[in-house]
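Hello,

Here is the structure I promised to pass on. My notes follow below it.

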Amino acid sequence: MMGGMARRTDVWPGRPDPLGATWDGEGTNFALFSESAASVDLCLLAGGRETRVPLTECTGFVWHGYVPGIGPGQHYGYRVHGPYEPAAGLRFNPNKLLLDPYARAIDRVSDWNDAVFGYDDAAGSDGEERPSTTDSGPHVPWSVVVDTSYPWGYDHAPNTPWADTLIYETHVKGMTMRHPGVPEHLRGTYAGLASPVILDHLTELGVTAVELLPVHHFFSEPPLVGRGLRNYWGYNTIGYFAPHGGYSSGGRRGEQVREFKSMVRTLHAAGIEVILDVVYNHTAEGSHLGPTLCFRGIDNRAYYRLDEADPSRYVDYTGTGNTLNVRNPEVLRLIMDSLRYWVTEMHVDGFRFDLAAALARGFHDVDRLSSFFDLIHQDPVISRVKLIAEPWDLGEGGYQVGNFPVLWTEWNGKYRDAVRDFWRGRESGLAEMGYRLTGSSDLYQDDGRRPNASINFVTAHDGFPLADLVSYERKHNEANGEANADGTDDNRSWNCGVEGPTRDPAALALRGRQQRNFLTTLLLSQGVPMLLAGDEIGRTQGGNNNAYCQDNETSWFDWTLDEGKESLLEFTRSVIRLRRQHPVFRRRHFFQGRAIHGGDRADIGWFGPDGHAMTEDEWGSSQVRVLGMFLNGEGIAEPGPRGERVVDDSFLVLLNSEREPTDVRLPDGEWAQAYEVVIDTSGRYPGSLTEPDGLKLTADDVLPMEGPSVVVLRRTA
């Protein structure tokens with residue numbers, strides 16, 4: 001025990017709802033769900049001592065009590081009594097001090113002493129697993145009673161329409177740790193992310209939403225700590241209501257809650273939404289060999305999916321050792337309560353659900369109409385925020401791109417793969433690329449969704465950043481300590497002729513052009529673009545495509561920008577500005593392939609390098625690597641916000657993935673137009689995005705294009 005038990009504390013019956021620790025100004029109500037427990041002790045922690053308060057009231061499997069005089073800043077935990085029978089799925093062990101699943105804040109980091117594990121390494125003479133008798137109290141984190149009030153003032157959610165949204169996937173710590181403009185004591189924190197220099201970068205770039213890698217409180221796994229590494233990404237959640245304490249600028253005893261709220265309020269004032277990457281599919285307790293920190297010791301059988309053939313083992317659809325049991329009503333309640341809390345109390349604007357297919361699983365197969373999605377759709381709070389699915393997990397049948405319900409958007413993995421294949425010159429056929437450029441109607445139109453169902457991305461936290469995508473063909477993950485066996489081998493990358501760093505000017509020029517090709521394609525595709533933070537400044541991870549454990553310069557942004565990185569940043573800003581200024585790149589409905597509003601041209605046209613409309617044979621050919629896409633600004637069917645007709649400029653986007661220069665003839669016949677160059681990723685032709693005037697072209701002109709490159713033309717007549 002932690003310094004022994006102090007004197008007995010008075011406890012009143014309290015109430016079973018809400019779950020967690022709720023301060024009312026005079027005392028705190030504590031409520032903990034456990035269906036199979038025999039008894040529960042509330043443990044109040046102060047001055048190195050632990051006071052155990054038995055919760056004798058149990059209503060509907062919720063153990064509860066009210067303790068007068070206990071208020072914000074109080075550390076606490078639970079000890080839960082019951083049978084230790086792993087073969088029956090029961091792992092109660094009162095020697096283990098447990099976190100509150102509803103804790104609003106968590107203090108201290110586990111030191112991974114053997115005491116945090118609920119089992120004894122030495123089996124009994126009968127071969128049965130035995131519970132550990134060592135007290136874990138001195139070695140585990142503590143829950144904190146929190147005052148959730150906050151002076152929000154005139155905070156208003158930006159409520160940016162999906163069609164106008166640009167998502168910036170970033171990391172609270174990594175983005176600011178090396179920024180010279182962020183005060184040193186704020187680097188790596190919520191306050192640092194809300195600092196003026198970071199806000200200036202985001203607003204000048206044109207970002208409308210930051211998608212934060214996990215900020216729910218998480219732990220580094222014991223094997224990582226043993227290798228001298230740390231969990232950097234944060235996909236190892238233990239507290240679904242608690243902002244990660246490691247991102248606080250020094251506050252303890254719940255101050256991280258206030259700091260997080262201040263960050264959100266500041267971002268909102270700049271017109272930027274906050275989307276959280278959330279991990280409701282598994283927890284930091286891992287497999288049956290993992291630590292006992294919270295759920296396992298409170299009610300293992302309720303919280304986790306257990307192997308029906310051997311309940312001492314876990315079903316693992318996530319590759320992390322366990323899977324939360326969303327079939328249990330109390331687990332669903334936990335998830336829904338958590339989501340509502342982050343919207344109503346923390347004012348976030350949406351969620352990206354990690355391995356969302358795991359949440360949809362009923363008994364085995366992925367079920368798009370599972371209870372979880374039914375609850376989301378019926379909830380008056382959660383159904384109104386942005387909902388993004390990572391539409392796969394690691395189980396059989398887990399790849400579910402295009403199969404989520406109507407309210408959901410999805411990380412479009414098929415977009416990523418098609419665009420990468422196109423620009424590395426692989427034979428994939430143009431039809432796939434055509435679908436991805438226009439919002440993936442083949443995936444989303446039949447079930448009533450629109451182009452904004454497709455979250456388009458080329459790079460994300462998982463894999464190479466953009467600079468590495470054009471510099472490496474093989475992963476270089478040796479620093480992770482797993483003999484380079486971790487991370488995918490399916491990078492779909494091209495190193496432009498040289499693996500890794502080089503001084504070869506030709507390779508460097510090609511890499512720069514390829515980065516511009518990817519950015520232009522991403523930002524001018526229909527759907528919702530997601531930009532990986534740092535891609536606009538050429539951030540590299542040195543070829544590491546699985547930097548989940550690199551909480552260091554490998555992952556932290558290097559804000560020292562040379563001429564090439566400054567140029568890339570300005571180019572990215574310009575293309576984002578072009579997208580924002582022209583609704584033809586942000587259509588709310590799919591193209592119809594016909595004339596709109598009585599016009600004489602269809603709303604979209606497709607052309608090969610000879611200027612003729614694409615034929616069926618060309619769409620199916622793997623040899624054609626040049627594609628022209630005409631976007632008719634006079635053929636926008638959807639009205640504006642006041643019902644007005646929307647008319648825009650028309651653009652011709654030419655994509656050449658050939659590695660050699662290619663002559664491209666402008667469209668002929670009824671599509672013959674005069675044009676001005678807006679963007680040329682090769683820099684061969686002046687474009688109006690960066691020059692006063694772009695190169696002028698007339699109908700039927702032949703345009704020599706560098707390979708590979710993108711040229712964007714605006715119709716002038």
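Val215 is buried, with a relative accessible area of 1%. Buried means under 20% relative accessible area, exposed means over 50%, and partly exposed is in between (1.4 Å probe, protein chains only). Val215 sits in the loop between strand S15 (209–212) and strand S16 (216–218). Helices (H or I, at least four residues) and strands (E, at least two) are DSSP runs, numbered from the N terminus. Leaving aside residues up to four places away in sequence, Val215 touches Val172, Tyr190, Ala242, Pro243, His244, Tyr247, Phe260 and Leu276. Contact here means heavy atoms within 4.5 Å. Phe260 is 45 residues from Val215 along the chain, and their C-alpha atoms are separated by 9.6 Å.

Before you read on: this is a predicted model, where local features need pLDDT of at least 70 and side-chain atom pairs count only at pLDDT 80 or more, while totals for chains, interfaces and linings use all residues. Residues are numbered from 1 along each chain as its sequence is written, and side-chain values use heavy atoms, with hydrogens and water left out.

Next, the helices. H6 (residues 329–344) and H8 (residues 371–378) have axes that come within 11 Å and cross at roughly 35°. Axes are lines fitted to C-alpha atoms, for helices over the stretch in contact, with angles from 0 to 180 degrees between N-to-C directions. Leu332, Ile335, Met336 and Leu339 in H6 meet Ser371, Phe372, Leu375 and Ile376 in H8. By class, this contact has seven nonpolar, one polar and no charged residues. Ala, Val, Leu, Ile, Met, Phe, Trp, Tyr, Cys and Pro count as nonpolar, Asp, Glu, Lys and Arg as charged, and the others, Gly among them, as polar.

Now charges over rings. The charged end of Arg352 sits over the ring of Trp411, 3.9 Å from its centre. Lys386 lies over the face of Trp162, at 5.0 Å from the ring centre. The test is NZ of Lys or CZ of Arg within 6 Å of the ring centre and within 35 degrees of the ring normal.

Finally, the backbone. Asp17 and Pro18 are joined by a cis peptide bond, with omega about 0°. Pro18 is in the segment before strand S1 (20–23). Another cis peptide bond joins Gly707 and Pro708, with omega about -15°. Pro708 is in the loop between strand S32 (702–705) and strand S33 (709–715). Arg492 has a positive phi, near 50°, in a residue other than glycine. At 22% relative accessibility, Arg492 counts as partly exposed.

Best wishes
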